[in-house]
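Have the sequence and the model open as you read.

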Amino acid sequence: MRSLALAAAAMLVTGCGQERAEVIVVGAEGGSWDLLDGAVSLDVPAGALAGDTEITVSVDEDVTPDEGTPASATVAFEPHGLQFALPVAVSMTFSGDSPGRVVWSDDGAIWQTLATTVTADVARAEVEHFS
């Protein structure tokens, strides 16, 4: 499972205990989805996936990055190991005066900072896989 989060702004995680989840089916045509009451957006370009793929996006309250106080929920993306042919954009809303950087972890222990753009209270990063 890949986890994303906003460290001192935003966070991602891939697969873990799910507190609140949404499941979407993404086809070869791609698309954009606002998930988890608008806390997360997923933008999948056409051609990123070969065919219909079920993606689960969930809040994981059991995982917290070591990157300072999170400014957003930790969000898990599954299925674990999913590869995209083109980068997929993940956007997360955050609160506070954080610099807004997205971090992610494959295992909830080691966190890496992703290249992040911030506009107002939204941090956006691109990923090529959920692993």
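Phe84 counts as buried because its relative accessibility is 8%, where buried means under 20% relative accessible area, exposed means over 50%, and partly exposed is anything in between (1.4 Å probe, protein chains only). Please keep in mind that this is a predicted model, in which local features need pLDDT of at least 70, side-chain atom pairs count only at pLDDT 80 or more, and totals for chains, interfaces and linings use all residues. Residues are numbered from 1 along each chain as its sequence is written, and side-chain values use heavy atoms, with hydrogens and water left out.

Now for the aromatic rings. Rings of Phe, Tyr and Trp (its six-membered ring) pair if their centres lie within 6.5 Å; planes under 30 degrees apart count as stacked, over 60 as edge-to-face, and the rest as tilted. That rule gives two aromatic pairs. In one of them, the ring centres of Phe77 and Phe130 are 5.3 Å apart and the planes stand at 40°, so this pair is tilted. Phe77 sits in strand E7 (residues 75–78) and Phe130 in strand E12 (residues 122–130), 53 residues apart, so the pair links distant parts of the chain; helices (H or I, at least four residues) and strands (E, at least two) are DSSP runs numbered from the N terminus. Phe84 and Phe130 have ring centres 5.1 Å apart with planes at 85°, so they meet edge-to-face. Because Phe84 lies in strand E8 (residues 82–93) and Phe130 in strand E12, this pair ties together parts that are 46 residues apart in sequence. Phe130 has 0% relative accessibility and therefore counts as buried. Phe77, Phe84 and Phe130 form one aromatic cluster.

In soluble globular proteins, nonpolar side chains tend to be buried together. Which members of the largest core touch the most others? Of its 27 residues, they are Val40, Leu42, Ile55, Val57, Phe77 and Phe84. The elements giving two or more residues to this core are strands E3 (20–26), E5 (40–44), E6 (53–59), E7, E8, E9 (101–105) and E12. E8 gives the most, with five residues.

Val40 and Val90 are 50 residues apart in sequence, yet their C-alpha atoms are 7.1 Å apart in space. Leaving aside neighbours within four places in sequence, Val40 is in contact (heavy atoms within 4.5 Å) with residues including Trp33, Val57, Phe77 and Val90.

Finally, look at the charged side chains. The structure holds one salt bridge, defined as a side-chain nitrogen of Lys or Arg within 4 Å of a carboxyl oxygen of Asp or Glu. Here the side chains of Asp43 and Arg124 meet, at 2.9 Å from N to O. Asp43 in strand E5 and Arg124 in strand E12 are 81 residues apart, so this pair also links distant parts of the chain. Asp43 is partly exposed, with a relative accessible area of 21%, and Arg124 counts as partly exposed at 34% relative accessibility.

Methods. A nonpolar core is a set of buried Ala, Val, Leu, Ile, Met, Phe, Trp, Tyr and Cys residues joined through side-chain atoms within 4.5 Å.
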